[in-house]
Amino acid sequence: MSEAIEVEQELPEIAVGETLISVRGLKNAFGEQVVHEGLDLDLKKGEILGVVGGSGTGKSVLMRSIIGLQTPVEGEITVFGESMIDRDEADAVAVRKRWGVLFQGGALFSTLSVAENIQVPLREFYGDTLNQELLDDIAAFKVLISGLSVDAGPKFPAELSGGMKKRAGLARALALDPELLFLDEPTAGLDPIGAAAFDELIHQLRSILGLTVFLITHDLDTLYAICDRVAVLADKRVIAVGTIDELLATDHPWIQEYFNGPRGRAAVASAKANGKKV
Ligand SMILES: Nc1ncnc2c1ncn2[C@@H]1O[C@H](COP(=O)(O)OP(=O)(O)OP(=O)(O)O)[C@@H](O)[C@H]1O
């Protein structure tokens, strides 16, 4: 078993409503292609922030920059008050331990069972300090809170439906009891009923576990159902952020087209049918 990564630094607590992620002046580029320039964004503790934008506007690159998988050309990113740029490994580990990530498509290790997938971050961060019985108990609990039945634990990803894979990915993202959850298109590829159930699960987990959620989505139903605020990416930056009502008050053509187009109107009708005030 691998050595536990040493966590040397305790990070300060952040109160609900205070800034948990701050992005300032972010620039990302791949060769000549500039994806972000002058991008600013704040995520407040306790909120579910939806991140939307056309395909290729850089939603995933933004998430990857925040979690340290993409080194920006310029800009400042802080998470839990810690700079994510040029940080030393001990600081990075202390921050990484406090978040969980559900990548697009789930990104499960295909040769590991669901339970073993969930145990990967536990082994990475705690090494030999957790015995197998405890690892199995933790994995079983994460399977259950992600809405899977206990018999999903020994299954391999190839044996799971699309919706079960998302839940297994979520269970792994929750392995370390994170305060902050990154979700990259969690409902993509799910049927509408499965997608609504997944939204509800995220909403419940936010309340029960006190999570803060950065949620990339194309799913208008998700925005109406569970997001407190929505950030819109276009023109290489966040062009607007606010509640859907606040966004609708702006006159940016993409925002109007997105929320007032046929799919937007259908999402409003569906939200109203589910008793939401929109
Ligand atoms: N590793 C990389 N190397 C080169 N270009 C990249 C890389 N990662 C992303 N890009 C480019 O950056 C741009 C933004 O990609 P990104 O995946 O963030 O878009 P997105 O908004 O998440 O899109 P989608 O909604 O389709 O998932 C795209 O043009 C993409 O081709």
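Asp235 is partly exposed, because 14 other C-beta atoms lie within 10 Å. The cut-offs are 20 or more other C-beta atoms within 10 Å for a buried residue, 12 or fewer for an exposed one, and anything in between for a partly exposed one, with C-beta atoms placed from the backbone. The model is predicted: local features need pLDDT of at least 70, side-chain atom pairs count only at pLDDT 80 or more, and totals for chains, interfaces and linings use all residues. Residue numbers start from 1 along each chain as its sequence is written.

Asp235 sits in the loop between strand 9 (229-234) and strand 10 (237-242). Helices (H or I, at least four residues) and strands (E, at least two) are DSSP runs, numbered from the N terminus. The phi of Asp235 is positive, near 55°, in a residue other than glycine. Lys236 lies in the loop between strand 9 and strand 10. Lys236 is not a glycine, yet its phi is positive, at about 75°. Lys236 has 18 other C-beta atoms within 10 Å, so it is partly exposed.

The protein as a whole comprises ten helices and ten strands. Its radius of gyration is 19 Å, close to the 19 Å from the globule rule for 278 residues, so the protein is as compact as a globular protein of that length. The radius is taken over C-alpha atoms, and the rule is 2.2 Å times the number of residues to the power 0.38. Along the principal axes, the C-alpha atoms fill a box of roughly 55 × 45 × 40 Å. Of the 278 residues, 38% are buried. Contacts between residues at least 6 apart in sequence join residues at least 24 apart in 70% of cases. A contact requires C-beta atoms, placed from the backbone, within 7 Å.

Helix 5 (residues 162-173) has twelve residues. From first C-alpha to last, helix 5 reaches 17 Å, close to the 16 Å expected at 1.5 Å a residue. The expected span is 1.5 Å times one less than the number of residues. Ten of the twelve residues of helix 5 are buried, so the helix is largely enclosed by the rest of the structure. These buried residues are Met164, Lys165, Lys166, Arg167, Ala168, Gly169, Leu170, Ala171, Arg172 and Ala173. Their packing partners are strand 6 (99-102), helix 3 (114-126), helix 4 (132-145), strand 7 (180-184) and helix 6 (192-209).

Helix 4 has 14 residues and should span 20 Å at 1.5 Å a residue; its end C-alpha atoms are 20 Å apart, which agrees. Its buried residues are Ile138, Ala139, Lys142 and Val143. They cover an arc of only 140° around the axis, which puts them on the same side of helix 4. The arc is that of the directions from the helix axis to the C-beta atoms. Exposed on the other side of helix 4 are Glu133, Leu134 and Asp137. The buried residues of helix 4 pack against helix 3 and helix 5. Gly147 follows helix 4 and has a positive phi, near 85°.

Ile226 belongs to helix 7 (residues 220-226). It has 21 C-beta neighbours inside 10 Å, so Ile226 counts as buried. Beyond four places in sequence, its contacts are Ile48, Asp199, Ile202 and His203. The C-alpha atoms of Ile226 and Ile202 are separated by 8.1 Å, with the two residues 24 apart along the chain.

Ser60 is found in helix 1. It has 18 C-beta neighbours inside 10 Å, so Ser60 counts as partly exposed. Ser60 touches Gln104, Asp184 and Ile216, with residues up to four places away in sequence not counted. Ser60 and Gln70 are ten residues apart along the chain, and their C-alpha atoms are separated by 10.0 Å.

Note on methods. Two residues are in contact if their C-beta atoms, placed from the backbone, lie within 7 Å.
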